[in-house]
Structures are given as C-alpha cells and as structure tokens.
Amino acid sequence: MVLRIGYVREHFCSPLLQFEAEDKGSTFTLVECPSGTGQLISRLTKDEIDIAIALTDPLIAGIAKGSEAYKLVGSYVTSPLRWAVITGHKPSAYNKISDLQGSTIGISRNGSGSQTMAYVMALQQRWPTSELKFQVNNDIQGLINSVNDGTTSAFMWEWFTTKPFSDAGECRFIGQVPTPWPSWLIAAHPTRAEPAAVRTFLNNLSRHVRAFASAEARTGPSVKFVMDTFSYPETDVKEWLDAVEYPEDCSTIPWNVITDTLSVLQQAGVVAPPEGAVKRDHFVNLDIVTLV
C-alpha cells in the first residue's frame with residue numbers, strides 16, 4: 001500500500017523530505033498539515049492520512065482522552081522542543097510570561113501542542129490551569145494576526161519556525177518554554193496502516209534520519225539543505241542543528257517517554273489520572289514498535 005503521511009512542513013521534517021525525494025511516491029505520499037498536531041490528529045480520525053509525524057504531548061493526551069484513531073509506532077525527534085512565547089509587535093502590557101496570567105491565549109486547534117504547552121507554562125508559573133482561556137486561530141498567520149489585533153495576548157509556537165516573523169517585526173518574543181519530553185513521535189491508524197508497510201517506512205526513515213543527523217552532515221550538507229528548503233539564516237540553522245537529536249531507530253520508543261509525559265500532563269490538568277496501571281498496548285502498536 002502507498003501510505004499517506006501527515007506532517008508539518010518545518011525544519012524538523014528535513015530527513016522526511018529527503019526520503020520523499022528518493023521514494024518519488026512509490027511507497028508513500030506526504031500530506032501537509034500546516035495547523036500542526038491538532039490537524040494531524042483530525043486527519044487520522046477522518047481517514048485522510050494513515051500515519052502522522054506529530055508532537056509527543058498532544059498525541060499521548062489524545063490517546064489518554066480516549067481516541068482510537070491511532071496508536072504510537074515510533075519516535076522522530078528525541079530532543080525537547082523549544083517553544084517561543086510570542087505577543088504582538090506593538091508595545092503592550094505583555095512583556096514577560098508572568099504578564100499573561102488571566103489573559104486569552106491563542107492556539108491553533110483544541111488538543112494541539114500550542115494548547116498543551118500553554119498548560120505546561122501555566123503549571124510552571126503556578127497559575128490555576130482551570131482558569132486558562134483560549135481562542136482558536138488555526139495557523140501561524142492567524143495566531144500572529146490575533147496578537148496584533150489584541151484578541152489574544154500571546155501564543156506559543158516552535159522557536160525557529162516563528163523567528164523569521166519576529167525578525168521581520170511582525171511579532172515579539174517574550175519568553176520560551178522547552179518541553180519536558182522528547183518532542184516528536186510517530187502515530188499510525190491501528191487498522192488502515194498495514195504493519196509491514198509501516199515497518200518498512202520506519203526502517204527507511206531511520207536511514208535518512210541517521211544520514212541527516214550525522215556529525216559530518218551537521219557541519220555542511222544538512223545546514224545547506226535546511227537553508228535552501230526553508231530560507232533560514234545560517235546562524236539559526238547551525239544553532240538548531242547543534243541542539244536537535246534524532247533517534248538511531250525510528251521504530252523504537254522509550255516507555256518512560258509515555259509515562260513521564262502522562263505524569264506532567266496530569267499535573268497540568270490536561271488529562272485525568274488513569275484508573276489503574278497504564279497499559280502498554282493501549283498507547284502503542286506492539287506489532288510495530290519496540291519499547292526500550
């Protein structure tokens with residue numbers, strides 16, 4: 001089968017794009033989801049994609065809340081994600097994270113990473129998470145428009161993806177919140193995505209990930225690829241590559257990633273504590289993934 005792979009076109013997907021150029025549509029096609037993980041989960045639910053490469057926290061939260069549209073099948077990025085906290089470009093009352101308490105936060109979609117990380121930010125700031133207020137603004141441009149027209153105070157998005165907008169004077173960074181978990185996992189529909197096809201995809205993706213993240217590639221070819229593909233400044237690309245980590249084998253997931261993420265999400269009020277022990281086969285497809 002030709003798999004439909006949902007993804008967000010950001011610098012993290014560089015190895016996936018290199019894999020696509022080699023595959024030429026023979027085993028998979030890419031389906032861009034610019035609104036992020038909330039849109040990816042929606043498309044898995046609606047039979048629009050078979051696999052999603054998406055953020056760790058909303059994927060795990062979705063399963064914990066009862067979604068049966070997917071199970072986890074692998075890892076994609078093992079380093080934390082650096083979330084910028086962003087407000088409008090004009091002078092305002094919002095100049096640091098603590099200024100945001102009680103205000104309305106912009107998010108891309110309900111259940112998105114931009115929403116779950118707002119809960120984590122509130123937890124770190126010791127705000128009552130039950131009092132958080134959100135406005136859905138769909139995508140990065142909608143989020144920027146909202147902080148500039150004053151309908152929201154701020155939003156959260158990946159640092160380097162948003163930095164060109166900040167550099168252009170369209171918005172303003174007032175802080176950052178790194179994730180307390182590895183940033184990207186891979187999920188697949190439990191029946192539409194045939195295990196053999198998924199395993200083959202993950203094995204080949206692992207090969208491209210290892211090549212992109214090799215020490216030699218990080219000093220030259222990978223820098224050039226990201227610059228040419230995303231038009232990022234060389235200094236930003238090198239700073240990102242110095243910090244990002246990919247797995248050796250995309251078909252593995254450390255079990256503690258799931259349990260530790262669940263623990264933080266429970267503390268933040270994103271998900272309810274489970275009744276009894278967390279069941280491995282509830283979260284992962286054991287026919288595909290290797291838990292380590």
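Reader: To begin, is Ser 112 buried or exposed?

Author: Ser 112 counts as buried because its relative accessibility is 1%; buried means under 20% relative accessible area, exposed over 50%, and partly exposed in between, with a 1.4 Å probe and protein chains only. Please note that this is a predicted model, in which local features need pLDDT of at least 70 and side-chain atom pairs count only at pLDDT 80 or more, while totals for chains, interfaces and linings use all residues. Residues are numbered from 1 along each chain as its sequence is written, and side-chain values use heavy atoms, with hydrogens and water left out.

Reader: Where is the place of Ser 112?

Author: Ser 112 sits in the loop between strand S6 (104–107) and helix H4 (113–125). Helices (H or I, at least four residues) and strands (E, at least two) are DSSP runs, numbered from the N terminus.

Reader: With which side chain does the side chain of Ser 112 make a polar contact?

Author: The partner is the side chain of Ser 114, at 2.7 Å. A polar contact is a pair of N or O atoms within 3.5 Å; within protein, one must be able to donate a hydrogen and the other to accept it, and residues adjacent in sequence count only if both atoms are side-chain atoms. Leaving aside neighbours within four places in sequence, Ser 112 is also in contact (heavy atoms within 4.5 Å) with Gly 38, Pro 58 and Ile 107.

Reader: Next, Phe 134. Which residues is Phe 134 in contact with, leaving aside its neighbours within four places in sequence?

Author: They are Thr 104, Ile 105, Ile 107, Gln 115, Ala 118 and Tyr 119. Phe 134 belongs to strand S7 (residues 133–136) and is partly exposed, because its relative accessible area is 23%.

Reader: Changing topic, how many disulfides does a search of the whole structure find?

Author: The search finds zero disulfides, a disulfide being a pair of cysteine sulfur atoms within 2.5 Å. For Cys 250, the nearest cysteine sulfur is that of Cys 13, 13 Å away. Cys 250 is buried, with a relative accessible area of 0%, and Cys 171 also counts as buried, at 5% relative accessibility.

Reader: Now the helices. At what angle do the axes of H9 and H10 cross?

Author: The axes of helix H9 (residues 221–230) and helix H10 (residues 234–243) cross at roughly 125° and come within 10 Å. Axes are lines fitted to C-alpha atoms, for helices over the stretch in contact, and angles run from 0 to 180 degrees between N-to-C directions. H9 is therefore oblique to H10: angles under 35 degrees count as roughly parallel, over 145 as roughly antiparallel, 65 to 115 as roughly perpendicular and the rest as oblique. The contact involves Ser 222, Val 223, Val 226 and Met 227 of H9, with Glu 234, Val 237, Lys 238, Trp 240 and Leu 241 on the H10 side.

Reader: And how do the axes of H6 and H10 cross?

Author: Helix H6 (residues 159–167) and H10 have axes that come within 11 Å and cross at roughly 155°, which means that H6 is roughly antiparallel to H10. Phe 160, Lys 163 and Asp 167 of H6 make the contact with Asp 236, Glu 239 and Trp 240 of H10.

Reader: Lastly, what does the side chain of Thr 261 reach at 2.6 Å?

Author: That side chain reaches the backbone oxygen of Val 257. Thr 261 lies in helix H11 (residues 255–267) and is buried, with a relative accessible area of 0%.
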